[in-house]
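Trainee: I have a structure open and some time to go through it. Can we start with how the helices are arranged?

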Amino acid sequence: MAYEIEIGDRIITSEELIALVAQYNMVPQLLQEIVIDRAIEQITCIREEIAVASQQFFKQHQISNSTEHETWLKRYNLNHQQFQALITRKLRIEKFQQATWGNKLESYFLHRKPHLDQVIYSLIRTQELGIANELYFRILAGEQTFAEVAREYSVGPEADRSGIVGPVDLGSLHPGLAKQLQVSQPGQIWRPVPFGEFFVIIRLEKFLPAQLDQFMKQRLLKELFEGWLQEQINQLSATDKAWMRVTRKQPQEKSTNAA
């Protein structure tokens, strides 16, 4: 059966759609969604969860009655079962994440905590060591505050924030900078050190230890899920280099029986 998709004033046939998927490099995304669907195919939702998901969807798409709902289904060529799968997909993914990694979160959190702890720090960066040293001693002597020097001399975007950076995860920082901040005390100023093309002066303002709260649990579950998903895709690609192929099928001719 051939299908057509109407987008604005353009009609796209099934055959053209396959070419467009390849042209716009959408195959990897398609593969990812297929892997997810296989993973959650046994995950179900109770009636109350489906009702809540439906109401949220109707509100988002401004669907106020059953007639408008049927019109929407017809527009996107979906039946009610497909619609239910669509609106509960996010919830079923969350359920899959919880069922798969929920009992491993505490140990995973402890493993990841050094990278999840956050810091707020002040930063001044210049491209000349001599200037950096001069600024460092000027701050120590109380001739200018750290914020004043940062606004006047720092060459990075932190200058617009009086040198303040953060809060930011330690794991997202340069390893050398992260290590220096980890062993700092609030208010401690370090002598200029080289980082890339700059010489930087840093001062820890505040250390914010990561907590395994609900937000962190959701973040870690998503992180574990995305890592697992990438592994699944890599394995699929490695074991079958022809995991996708396009073939053209000729329509079958109707057979006729002689009387």
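Mentor: First, a definition: a helix axis here is a line fitted to C-alpha atoms over the stretch in contact, and angles run from 0 to 180 degrees between N-to-C directions. Also, this is a predicted model.

Trainee: OK. At what angle do the axes of α2 and α6 cross?

Mentor: At roughly 65°, and the axes come within 10 Å. Helix α2 covers residues 27-40, and helix α6 covers residues 89-101. Angles of 65 to 115 degrees count as roughly perpendicular, so α2 is roughly perpendicular to α6.

Trainee: Is the crossing left-handed or right-handed?

Mentor: The crossing of α2 and α6 is left-handed.

Trainee: Which residues make the contact?

Mentor: From α2, Glu-33, Ile-36, Asp-37, Ala-39 and Ile-40. From α6, Arg-89, Arg-92, Ile-93 and Phe-96. Sorted by type, the residues of this contact are 5 nonpolar and 4 charged, with no polar ones.

Trainee: Switching to the backbone. Where is there a cis peptide bond?

Mentor: Between Gly-166 and Pro-167, with omega at about 5°. Pro-167 belongs to strand β4, residues 164-169.

Trainee: And what is phi of Gln-62?

Mentor: Near 55°, which is a positive value in a residue other than glycine. Gln-62 sits in the loop between α3 (47-60) and α4 (66-75).

Trainee: Is Gln-62 buried or exposed?

Mentor: Exposed: the relative accessible area of Gln-62 is 70%, and the cut-off for exposed is over 50%.

Trainee: What about phi of Asn-77?

Mentor: Phi of Asn-77 is also positive, near 55°, and Asn-77 is not a glycine either. Asn-77 lies in the loop between α4 and α5 (80-87).

Key:
Residues are numbered from 1 along each chain as its sequence is written. This is a predicted model: local features need pLDDT of at least 70, side-chain atom pairs count only at pLDDT 80 or more; totals for chains, interfaces and linings use all residues. Side-chain values use heavy atoms; hydrogens and water are left out. Helices (H or I, at least four residues) and strands (E, at least two) are DSSP runs, numbered from the N terminus. Angles under 35 degrees count as roughly parallel, over 145 as roughly antiparallel, 65 to 115 as roughly perpendicular and the rest as oblique. A crossing is left-handed if the near helix is turned anticlockwise from the far one by less than a right angle, and right-handed if clockwise. Contact means heavy atoms within 4.5 Å. Ala, Val, Leu, Ile, Met, Phe, Trp, Tyr, Cys and Pro count as nonpolar, Asp, Glu, Lys and Arg as charged, and the others, Gly among them, as polar. Buried means under 20% relative accessible area, exposed over 50%, partly exposed in between (1.4 Å probe, protein chains only).
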